[in-house]
2 protein chains.
Amino acid sequence: MAPPSHAHINNGNGVHHNGAVPVETETVEPPPTQGSRLLDAEEFRRQGHQVADFIADYYASMGDYLVRPSVTPGFLRRQLPAEAPSRPEPGAFAAALRDVRDLVLPGMTHWQSPRHFAHFPASSSTAGVLGEALAAGINAVPFTWAASPAATELEMVVVDWLGKALHLPESLLFCGGGGGTLLGTSCEAILCALVAARERKLAEIGGRRIGDLVVYCSDQTHFALRKAARIAGIHRDSCRGVATYRDDMFALSPAELHAAMQADVDAGLVPLFLCATIGTTQTTAVDPIRELCAVAAKHGVWVHVDAAYAGSALVCPEFRHVVDGAEAVDSFSMNAHKWLLANNDCCALWVRKPSLLTAALGTEQEYILKDAAAEGHDVVDYKDWSVTLTRRFRALKLWLVLRCYGVEGLRDHIRAHIRMAASFENMVRDDARFEVVAPRQFALVCFRLRSPEKFCGEKAANELNRRLLEEVNATSSGPYMSSAKVGGVYMLRCAIGSTLTEERHIREAWKVVQDRAASLLRKMEIMYSVLV
Amino acid sequence: MAPPSHAHINNGNGVHHNGAVPVETETVEPPPTQGSRLLDAEEFRRQGHQVADFIADYYASMGDYLVRPSVTPGFLRRQLPAEAPSRPEPGAFAAALRDVRDLVLPGMTHWQSPRHFAHFPASSSTAGVLGEALAAGINAVPFTWAASPAATELEMVVVDWLGKALHLPESLLFCGGGGGTLLGTSCEAILCALVAARERKLAEIGGRRIGDLVVYCSDQTHFALRKAARIAGIHRDSCRGVATYRDDMFALSPAELHAAMQADVDAGLVPLFLCATIGTTQTTAVDPIRELCAVAAKHGVWVHVDAAYAGSALVCPEFRHVVDGAEAVDSFSMNAHKWLLANNDCCALWVRKPSLLTAALGTEQEYILKDAAAEGHDVVDYKDWSVTLTRRFRALKLWLVLRCYGVEGLRDHIRAHIRMAASFENMVRDDARFEVVAPRQFALVCFRLRSPEKFCGEKAANELNRRLLEEVNATSSGPYMSSAKVGGVYMLRCAIGSTLTEERHIREAWKVVQDRAASLLRKMEIMYSVLV
């Protein structure tokens with residue numbers, strides 16, 4: 001194989017660089033040697049300052065980047081050597097930073113762009129980024145209390161802080177006999193809850209009846225639930241996605257859930273787990289927690305609430321009603337990395353009975369993991385609360401975010417996005433060519449272009465909107481949005497939540513949508529007139 | 001509830017601070033407001049520099065910290081308010097950094113201490129920390145190619161770079177038809193492989209036979225396997241931990257594995273999955289891959305190799321023989337965050353047939369996740385390779401580590417620790433009061449104090465060594481080690497792998513062990529003379 005040629009990467013090779021992150025080019029550090037040189041305090045300081053400047057410059061020039069790069073599959077792989085370097089080139093760190101600027105950033109989708117409206121936000125903040133940096137610097141592995149006492153206790157403190165800020169019932173918090181932990185993602189949270197529920201149920205009905213267990217959700221529930229169910233060994237046919245309707249704003253109906261559970265019981269199956277959602281992925285629908293818990297209780301079903309996106313909005317008392325009845329849920333999770341400034345990844349999971357979680361996920365007799373501190377003392381060993389044993393010190397960044405912005409600061413942040421979303425929604429409503437497809441509940445607007453009557457049919461309308469989205473996203477310095485398809489209806493999703501987004505970005509985004517729609521309708525008129 | 005009083009935390013309150021991280025105390029930033037102020041480039045730059053200095057100072061003063069803090073459960077929770085602040089105090093960021101210095105760091109177990117010899121290392125490097133910081137700053141969510149093309153492609157490139165550097169067979173790499181991904185931990189890697197194996201097997205034998213599946217490992221295999229098996233719905237009684245023996249250096253015997261599998265087949269059960277280990281947690285035993293694969297092949301069993309710790313050593317050609325026969329394995333994982341400078345967390349998982357992984361873990365029909373780029377093009381959507389959908393941009397730090405240190409630099413790093421471990425092992429052997437319990441294979445030394453004949457009995461010897469470890473770990477400015485118990489024998493574990501560890505720390509650690517042993521033996525002599 002040919003030797004790698006890292007020093008000769010062609011930075012101009014087909015990648016359009018329209019950002020403006022400067023990189024110190026003349027710094028040539030001496031080659032690192034073994035041992036402490038790999039973590040030399042003074043070199044760390046120097047390169048750490050370079051990275052702080054690099055990120056600050058990236059934020060300052062964020063508006064200049066295309067939100068989604070115009071690259072094709074393989075663009076980066078083709079430019080990089082096939083093997084790692086044997087010895088670092090001179091000034092490797094500075095060269096690598098240049099490559100991040102010239103090769104990596106122009107090929108990224110910029111989630112921090114103020115014009116990123118796709119999927120859900122991944123909100124960044126100074127405290128969030130620097131909390132991650134601090135945790136990486138400390139680089140502890142808080143898998144047991146003894147393995148990092150302060151990290152474990154800070155996690156216990158911040159999950160209670162966060163739970164109170166979100167108006168969760170105390171029964172889910174340490175201060176009320178429950179407790180929480182910080183995981184990576186909602187997928188993990190749902191999986192942990194589901195495995196705890198499964199172990200409890202199998203203990204009741206017999207360990208060999210896993211094939212009889214049934215999991216419930218709505219047809220709007222995130223794929224994370226099906227993925228978790230599949231991983232947990234629930235049969236693929238035993239996941240009921242109860243149908244929802246536009247008239248109910250796509251919420252899960254307690255009556256339909258009841259009917260589904262009863263049908264399974266009548267068939268000799270065993271209802272196990274319900275995943276209710278506050279803020280579904282496609283349209284941010286809110287399932288009625290209290291009523292669903294009442295149905296679930298009849299069958300001893302574990303209720304998990306997935307508030308991955310909308311959980312952040314619960315800092316605002318005006319949204320408190322969506323967790324009415326949550327005293328009865330068994331577990332609750334939300335992603336503080338989505339809309340609460342805590343940077344990817346940071347998923348909080350709370351459970352009403354931590355002992356059920358640790359019974360399912362805890363070690364049985366690992367000798368070396370035992371510690372005097374854990375024997376007979378009131379300590380939490382978080383390794384028994386999750387899929388993983390090794391874990392990161394995520395509590396530090398969440399604590400920094402809560403300390404530096406305060407609960408009122410987080411409310412300001414959420415409300416600003418909700419105001420912007422309301423303003424975008426109004427612009428849609430004010431234009432008769434468009435319709436808002438699902439009522440806005442938080443900061444996501446689901447809308448579409450009405451298909452002119454003569455091009456009638458749902459399929460044509462969907463195709464029209466698909467083309468509209470493509471054209472909007474292809475507009476240079478335009479917004480980046482995504483789509484949903486609910487009840488056969490294709491719609492555009494404008495999810496407002498990037499930290500850097502301001503009112504003007506909303507107005508500009510809407511202007512692009514209008515312009516592209518006008519051009520598209522014009523083209524269709526021409527085609528129509530030719531054909532008819 | 002009383003309002004929180006963040007500005008009045010008593011920093012001197014019972015926490016012993018023996019580090020020397022200075023914090024700028026006079027900087028009072030203006031209170032953050034909503035919107036772009038939360039990610040203001042100039043504020044980020046200023047606070048980013050503070051954090052770079054904070055971490056650099058922490059490394060510079062690392063030697064001053066007690067490796068394991070002398071704190072009791074609740075020490076930190078008692079000092080923090082019960083609720084998050086409503087509004088941030090003035091200068092909240094600087095105040096928080098002071099609290100990290102005065103409250104958090106003194107309560108941490110310092111994994112980066114040159115005297116941290118417990119568990120396995122969590123090696124940090126400048127490139128690793130700053131790679132994490134950069135990824136946190138960019139804060140992308142590379143769940144599909146389109147969601148961050150450069151992040152996905154860099155991950156594909158670095159897993160091939162790493163696999164080649166570790167002398168893995170090409171069949172596991174993208175360049176050979178396989179492929180890899182970066183997950184958080186080995187627990188996730190094993191779980192993903194196990195679910196892929198389970199789905200393949202159930203497709204053959206019928207989806208309702210999950211209760212018949214059996215998983216194999218040795219009695220030395222990490223609990224991660226049992227945890228993964230339990231999560232995946234394998235019955236608790238269906239995990240065979242084949243017994244190992246000191247004469248075989250605690251390696252899994254192919255003959256015993258064969259017997260176990262045959263017995264299960266005879267009982268109508270279905271062998272599913274073997275987890276072989278390169279470098280077990282307790283004594284770094286190495287299972288014979290080629291021979292085990294031959295046994296597994298007879299029953300269509302998926303073979304996963306867990307090289308969480310010792311995988312890093314494979315950068316050195318002198319260890320290449322431990323992966324002899326790995327062409328036949330189905331999957332392989334190792335933690336680059338353990339001993340390869342890539343900071344927590346960074347677990348690489350390679351599979352021979354990625355389609356089996358994506359068939360088990362992939363989305364079925366999520367509309368909004370589909371993207372033109374993924375239709376008909378040769379792209380990888382990493383959301384289908386793992387437990388989670390949301391993921392971090394881990395490739396950046398691993399790429400920085402490989403770029404900045406080079407494969408030869410990583411070899412120097414590994415060999416330095418192996419030399420230090422050999423030197424520690426020699427010191428143990430040179431002292432007739434001690435014995436090396438399991439032959440050293442990498443950089444872990446398992447040793448114990450021989451119990452003088454008159455205090456005979458295994459139980460007394462174990463108790464003696466348990467007390468020895470307690471006293472060693474309680475020595476101020478002493479080393480921090482952990483223990484193992486294998487075949488009824490309790491031993492001390494000295495795992496050398498902290499980036500900052502130098503020869504002198506090894507000599508000092510051994511001196512502490514000798515001193516504590518001498519004192520302990522003296523006390524026992526006195527007690528004995530009183531009793532007899």
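**Exercise 1. How many salt bridges does the structure hold over all chains?**

Solution. The model is predicted: local features need pLDDT of at least 70, side-chain atom pairs count only at pLDDT 80 or more, and totals for chains, interfaces and linings use all residues. Side-chain values use heavy atoms, with hydrogens and water left out.

Step 1. Apply the rule: a side-chain nitrogen of Lys or Arg within 4 Å of a carboxyl oxygen of Asp or Glu.

Step 2. Over all chains, the structure holds 70 salt bridges.

Step 3. Across the interface of chain B and chain A, the rule finds 14. One of the pairs in the structure is Arg403(B) with Asp99(A), at 2.7 Å from N to O.

**Exercise 2. Describe the salt bridge of Arg392(A) and Asp345(B) and its setting.**

Solution. 

Step 1. The N to O distance between the two side chains is 3.9 Å.

Step 2. The pair crosses between chains: Arg392(A) is in the loop between helix 10 and helix 11 of chain A, and Asp345(B) is in the loop between helix 9 (336–339) and strand 7 (347–351) of chain B. Helices (H or I, at least four residues) and strands (E, at least two) are DSSP runs, numbered from the N terminus.

Step 3. Buried means under 20% relative accessible area, exposed over 50%, partly exposed in between (1.4 Å probe, protein chains only). Arg392(A) is buried at 6%, and Asp345(B) is buried at 5%.

Step 4. Both residues belong to a network of salt bridges, which also includes Glu132(A), Arg394(A) and Lys397(A).

**Exercise 3. Where does Tyr382(A) lie, and is Tyr382(A) buried or exposed?**

Solution. 

Step 1. Tyr382(A) is in the loop between helix 10 (354–361) and helix 11 (395–429) of chain A.

Step 2. With a relative accessible area of 0%, Tyr382(A) is buried.

Step 3. Not counting residues up to four places away in sequence, Tyr382(A) touches residues (heavy atoms within 4.5 Å) including Pro142(A), Phe143(A), Met156(A) and Arg391(A).

Step 4. The Tyr382(A) side chain reaches the backbone oxygen of Gly180(A) at 2.9 Å.

Step 5. Trp145(A) is 237 residues away from Tyr382(A) in sequence, but the two are 7.5 Å apart in space, C-alpha to C-alpha.

Conventions: Residues numbered from 1 in each chain as written. Chains lettered and ligands numbered in written order. Polar contact = N/O pair within 3.5 Å; in protein donor to acceptor, adjacent residues only side chain to side chain.
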